[in-house]
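Hi,

Here is the structure I promised to pass along. Have a look at it first, and then read on for what turned up.

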Amino acid sequence: MVTPNADHLARLDAGDRTLWACYADAEARVFDSRFLARVGRLSKLKMPEVVTGSDLTEALLRTLPHNAQIVVIGTTPAAVARLRATTGRTSIYHVCLPFGF
């Protein structure tokens, strides 16, 4: 799954073949930026529906088996602990990249 952001759009526009390949190979492409959606609409572009990360997470958790292993990339350890507690799922793992979120 890929979610475009401003950096991605600039790199795609510049012809970044590696990133184009990631988008082409992705099973899902989800637009999650209200900011980019607004900029696009102001520029008279037809924009896809925005699906926020929280909406996507809720939908995925509803459809995945309760024993599915889930990896959350980003956010804080406290947020992942709340997710475990509110969902009752124990197989939720967390990766926080060094540049932080």
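A quick definition before the pocket: a pocket here is an open set of grid points, on a 1 Å grid over the protein atoms alone, with protein on both sides within 12 Å along at least five of seven lines. Please keep in mind that this is a predicted model.

The largest pocket holds about 930 Å³ of space. It is lined by 26 residues, and Gly53, Leu56, Thr57, Val72 and Ile73 are the closest to its centre. Helix 4 (53-63), strand 1 (70-73) and helix 5 (77-87) each give two or more residues to that lining, with helix 4 supplying the largest share, 5 residues. Sorted by class, the lining has 18 nonpolar, 7 polar and 1 charged residues.

Now for the cores. The largest nonpolar core has 6 residues: Leu61, Ile70, Val72, Val80, Leu83 and Ile92. Strand 1 and helix 5 are the elements that give two or more residues to this core.

Last, the cysteines. The disulfide count comes to 0. Cys22 counts as partly exposed because its relative accessibility is 39%, and Cys96 is partly exposed too, with a relative accessible area of 42%.

Definitions and conventions: Residues numbered from 1 in each chain as written. Predicted model: local features only at pLDDT ≥ 70, side-chain atom pairs only at ≥ 80, totals over all residues. Heavy atoms only, no water. 1 Å grid on protein atoms, 1.4 Å probe; cavity = no way out; pocket = protein on both sides within 12 Å on 5 of 7 lines; lining within 4 Å. Points joined across faces, edges and corners; volume = space filled by probe spheres on them. Helix = DSSP H or I, 4+ residues; strand = E, 2+ residues; numbered from the N terminus. Nonpolar A, V, L, I, M, F, W, Y, C, P; charged D, E, K, R; others polar. Core = buried A, V, L, I, M, F, W, Y, C linked by side-chain atoms within 4.5 Å. Buried < 20%, exposed > 50% of the residue type's maximum accessible area, 1.4 Å probe, protein only. Disulfide = S-S within 2.5 Å.
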